[in-house]
There are 2 protein chains.
Amino acid sequence: MPFQYLEYYNGTTGLSVGVNKVLFSEQTPFQKVEVYETDTWGNLMTIDGMVMLSEKDEFVYHEMIAHVACFSHPNPKRVLIIGGGDGGTAREVLKHPSVEAVDMVEIDEAVVRASKLHMPEVGDFSNPKLRVLYENGLTFVNDVPEKYDVIIIDGSDPVGPAVDLFKQEFYDKCHAALNENGVLTGQTESPWVDSYHESIQSVFRAVDNVFDYSRMYLAFIPLYPTGMWSMAYASKGIDPLSDEVKARIEAGLKDFGSSLRYYNAEMHSAAFALPGFVRDIIR
Amino acid sequence: MPFQYLEYYNGTTGLSVGVNKVLFSEQTPFQKVEVYETDTWGNLMTIDGMVMLSEKDEFVYHEMIAHVACFSHPNPKRVLIIGGGDGGTAREVLKHPSVEAVDMVEIDEAVVRASKLHMPEVGDFSNPKLRVLYENGLTFVNDVPEKYDVIIIDGSDPVGPAVDLFKQEFYDKCHAALNENGVLTGQTESPWVDSYHESIQSVFRAVDNVFDYSRMYLAFIPLYPTGMWSMAYASKGIDPLSDEVKARIEAGLKDFGSSLRYYNAEMHSAAFALPGFVRDIIR
């Protein structure tokens, strides 16, 4: 029976999306995972009533969280994804020819199962370079057997199981789990929503404390609250706006053909420009 | 009595905002103008059920439509605003010390009246440099008594009275009404909404036909459909990304103090970077 999905995100302001059919609905030990069939966005996944991705707009988030990291790093071979159970981030990372191994540490197997079943184009789960571990990302980074070149924090909102992904201790461990020149990216909510500011500030204070470079960048994501989404970039030694990185993007993108619909050399740099009201949040 | 305002914009997808009180509601000869009191966005104006602005987010739209034009032009003295009845665009234009006269041609006096009554911080209507004319912008540009340096098309969506603001004939007349080095900017809807593509293409084809430079640029506007809004830039001879313009912005912004919350030198350039899926719309 069709109904309107409604996600309130700023007082009484919310996103409403018509749902034709509920395709998946499961209360897991961690959260409620649902997939809806919609009219204009393809299938839509929510966790605890918050939009995670739709088939139509997921490319923005996944391209921006993956390629800003993987093009900034001079030679990413080993990549760790915390969360990312839908598989979209891993799919984008695996487009980089240098990448040899992607470890995806997803706490909730239901997210992967729902994605495989109802968003088959999003993941690339049969890729032999990808290893999916159903573990808690927080404890996984405590002691990694082998360090990584890139870590991507693709967690959900700072309520529920993802809340510790916004804290200093976690970023200390990520720093320790990264090789020299290591790069980290992660999602850090919408600057327009006042109730997120504390989480945003917490992440940027944390990465600023331990990394040589830390910057915020932005992406237009239509189904996320307010449509403006922030991400964190942090690195041991790599400035994401250096001429070296720009040259690497120009050269590297030749291998990508038309597979990218949002990320390009101009968007890489432009994403780091911040309006004054956003700068003020993390000052 | 509180209720939820709901604007559908893409099939069954929409924005929902809680309304405490209806402050203004008038069916004018042109359209239905309403102002609502909301919980988190201040007062919110809609026209024919589509959000025009809220007190909290209006600075983005007004700064980006005004300053991209006024900083690109080397010495803007005479500025024409088509639409813009809420007064926010004129307020931003009037911050430029070189500006001597702003003509605002608004078809519907009710928009100005509603703004003065319920959004008193948005307009700067007592400024002696501002002249408000209640006329049809389309016929006004047919034969302007004196040409302009900058024209800003601050109209509503391409339904109702604003539909002709998306057509070739209008841009031909704007071109004729501009001095040498003249610059035009205008709002051109969301690239994420398929039903807008024809209007977007129509504007960019039109400006490309008659102007030396034409470019799309983007802004994050949380209460507009999808949060990604496009604007058109067109000029007789001025490249908005030239080193000359960049130097002018750096020098000029010193006079603006902290009055700008979105526009800055970096955002000026970054706004012109386009994702591939957006480039494809106007290719």
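# Exercises on a two-chain model

The buried residues of helix H5(A) are covered by elements that include helix H4 (137-140), strand S9 (148-154), strand S10 (178-187) and helix H6 (197-210) of chain A. The model is predicted.

## Exercise 1: Helix H5 in chain A

Task: find which residues of helix H5 of chain A are buried, and say why they line one face of the helix.

Solution. 
- Step 1. Take residues 168-176 of chain A, which make up helix H5.
- Step 2. Pick out the buried ones: A:Phe170, A:Tyr171, A:Lys173 and A:Cys174.
- Step 3. Look down the axis of H5(A). The buried residues fall within an arc of 160 degrees, so they line one face of the helix.

## Exercise 2: Helix H5 in chain B

Task: find the buried residues of helix H5 of chain B, and name elements that cover them.

Solution. 
- Step 1. Helix H5 of chain B spans residues 168-176. Its buried residues are B:Phe170, B:Tyr171, B:Lys173 and B:Cys174.
- Step 2. These residues cover an arc of only 160 degrees around the axis, which puts them on the same side of H5(B).
- Step 3. The cover includes helix H4 (137-140), strand S9 (148-154), strand S10 (178-187) and helix H6 (197-210) of chain B.
- Step 4. The largest nonpolar core has 181 residues. Those with the most contacts inside it are A:Met64, A:Ile151, A:Ala219, B:Met64, B:Ile151 and B:Ala219.

## Exercise 3: Where the chains meet

Task: describe the side of chain A that touches chain B, by element and by residue type.

Solution. 
- Step 1. Count the residues. 31 residues of chain A are in contact with 30 residues of chain B.
- Step 2. List the elements of chain A that give two or more residues to this side: strand S1 (3-10), strand S2 (13-27), helix H8 (265-270) and helix H9 (276-282).
- Step 3. Find the largest share. S2(A) gives it, with 6 residues.
- Step 4. Sort the residues of this side by type. They divide into 15 nonpolar, 13 polar and 3 charged.
- Step 5. Look at S2(A) again. It is joined by 3 bridges to strand S2 (residues 13-27) of chain B, and the two run antiparallel. A:Leu15 stands opposite B:Leu15 in S2(B).

## Exercise 4: Two domains in chain A

Task: state how domain 1 and domain 2 of chain A are placed, and which elements supply the domain 1 side of their contact.

Solution. 
- Step 1. The domain assignment gives domain 1 (3-52) and domain 2 (58-282).
- Step 2. Their C-alpha centres lie 23 Å apart.
- Step 3. The contact takes 19 residues from domain 1 of chain A and 17 residues from domain 2 of chain A.
- Step 4. On the domain 1 side, S1, S2, strand S3 (32-38), strand S4 (43-47) and strand S5 (50-54) of chain A each supply at least two residues. S2(A) gives the most, with 4 residues.
- Step 5. The residues of the domain 1 side divide into 13 nonpolar, 4 polar and 2 charged.

## Exercise 5: A hairpin in chain A

Task: trace the pairing of S4(A) with S5(A), and examine the turn between them.

Solution. 
- Step 1. 4 bridges join the two strands, which run antiparallel. A:Met45 stands opposite A:Leu53 in S5(A).
- Step 2. S4(A) and S5(A) form a hairpin with 2 residues between them. In the turn, A:Asp48 has a positive phi of about 50 degrees.
- Step 3. Check the burial of S5(A). 4 of its 5 residues are buried, so the strand is largely enclosed by the rest of the structure.

## Exercise 6: B:Asp48

Task: decide whether B:Asp48 counts as buried, exposed or partly exposed, and name what it touches.

Solution. 
- Step 1. Locate B:Asp48 in the loop between S4 and strand S5 (50-54) of chain B.
- Step 2. Apply the cut-offs: buried needs 20 or more C-beta neighbours within 10 Å, exposed 12 or fewer. B:Asp48 has 16 inside 10 Å, so it counts as partly exposed.
- Step 3. Not counting residues up to four places away in sequence, B:Asp48 touches B:Gln31, B:Lys32 and B:Gly160.

Notes: Residues are numbered from 1 along each chain as its sequence is written. Chains are lettered from A and ligands numbered from 1 in the order in which they are written. This is a predicted model: local features need pLDDT of at least 70, side-chain atom pairs count only at pLDDT 80 or more; totals for chains, interfaces and linings use all residues. The arc is that of the directions from the helix axis to the C-beta atoms. Two residues are in contact if their C-beta atoms, placed from the backbone, lie within 7 Å. Ala, Val, Leu, Ile, Met, Phe, Trp, Tyr, Cys and Pro count as nonpolar, Asp, Glu, Lys and Arg as charged, and the others, Gly among them, as polar. Two strands pair if DSSP finds at least two bridges between them. A nonpolar core is a set of buried Ala, Val, Leu, Ile, Met, Phe, Trp, Tyr and Cys residues joined through C-beta atoms within 7 Å. Domain bounds come from an automatic or database domain assignment.
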